[in-house]
Amino acid sequence: MSNQMITVNNDSTDIETKIIEAANNLFLKYGVDKSTMGQIADEAGISRTSLNYYFRSKRNLLQKVIISLENKIVPTISILINDDNLSAIDKIESFVDEYINLIIKYP
């Protein structure tokens, strides 16, 4: 019985991840205001009802999208800053390069 619960939780996490990725894609393409919950549901391959189950509003979904992006960006930057093998100038240069790459990847 516990294996089923783990599977359900993993499925739930997978669906949330798909929704967040779909929302991120549409927010980048059309902007937050012009992206609809229906479009996000279609992009994620789920029903609008399911989308509302996971995220009650577009605002809640936007917050999760931002948190998801922060979780991708912050560790990368943190590794560069904490690298003891780099001088301060090298850290700054690496930080700027990595920051630009991340901005391009996650506008």
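Biologist: In this predicted model, is serine 35 buried or exposed?
Modeller: Serine 35 sits in the loop between α1 (2–30) and α2. Its relative accessible area is 0%. The cut-off for buried is under 20%, so serine 35 is buried.

Biologist: Which residue's backbone oxygen lies 2.7 Å from a polar atom of the serine 35 side chain?
Modeller: The distance is 2.7 Å, from a side-chain polar atom of serine 35 to a backbone oxygen. A polar contact needs N or O atoms within 3.5 Å. The backbone oxygen belongs to glycine 31.

Biologist: Why are the buried residues of α2 on the same side of the helix?
Modeller: Helix α2 covers residues 37–44, and its buried residues are Met37, Ile40, Ala41 and Ala44. Around the axis they cover a limited arc, which puts them on the same side of α2. That arc is only 100°.

Biologist: Which residue follows α2, with a positive phi?
Modeller: Its phi is near 75°. The residue is glycine 45.

Biologist: How many aromatic pairs does a search of the whole structure find, and which one is edge-to-face?
Modeller: The search finds 2 aromatic pairs. Planes over 60 degrees apart count as edge-to-face.

Biologist: Is tyrosine 53 buried or exposed?
Modeller: The relative accessibility of tyrosine 53 is 60%. Exposed means over 50%, so tyrosine 53 counts as exposed.

Biologist: What kind of pair do the rings of phenylalanine 95 and tyrosine 99 form?
Modeller: Phenylalanine 95 and tyrosine 99 are 4 residues apart in helix α5, which separates them by about one helical turn. Their ring centres are 6.0 Å apart. The planes meet at 15°, and under 30 degrees counts as stacked. So the pair is stacked.

Biologist: What are the relative accessible areas of phenylalanine 95 and tyrosine 99?
Modeller: Both residues are partly exposed. Phenylalanine 95 has a relative accessible area of 30%. For tyrosine 99 the value is 43%.

Biologist: Which helix gives the largest share of the nonpolar patch?
Modeller: The patch has an area of about 840 Å². Its members include Ile81, Ile89, Phe95, Tyr99 and Ile104. The largest share is 8 residues, and they come from helix α5 (residues 88–105).

Definitions and conventions. Residues numbered from 1 in each chain as written. Predicted model: local features only at pLDDT ≥ 70, side-chain atom pairs only at ≥ 80, totals over all residues. Heavy atoms only, no water. Buried < 20%, exposed > 50% of the residue type's maximum accessible area, 1.4 Å probe, protein only. Helix = DSSP H or I, 4+ residues; strand = E, 2+ residues; numbered from the N terminus. Arc of directions from axis to C-beta. Patch = residues over 30% accessible without salt bridge, like charges linked within 9 Å, V, L, I, M, F, W, Y side chains within 5 Å. Areas by Shrake-Rupley, 256 points an atom, 1.4 Å probe, with all protein chains shown as cover. Salt bridge = Lys/Arg side-chain N within 4 Å of Asp/Glu carboxyl O. Phe/Tyr/Trp six-rings, centres within 6.5 Å; stacked < 30°, edge-to-face > 60°. Polar contact = N/O pair within 3.5 Å; in protein donor to acceptor, adjacent residues only side chain to side chain.
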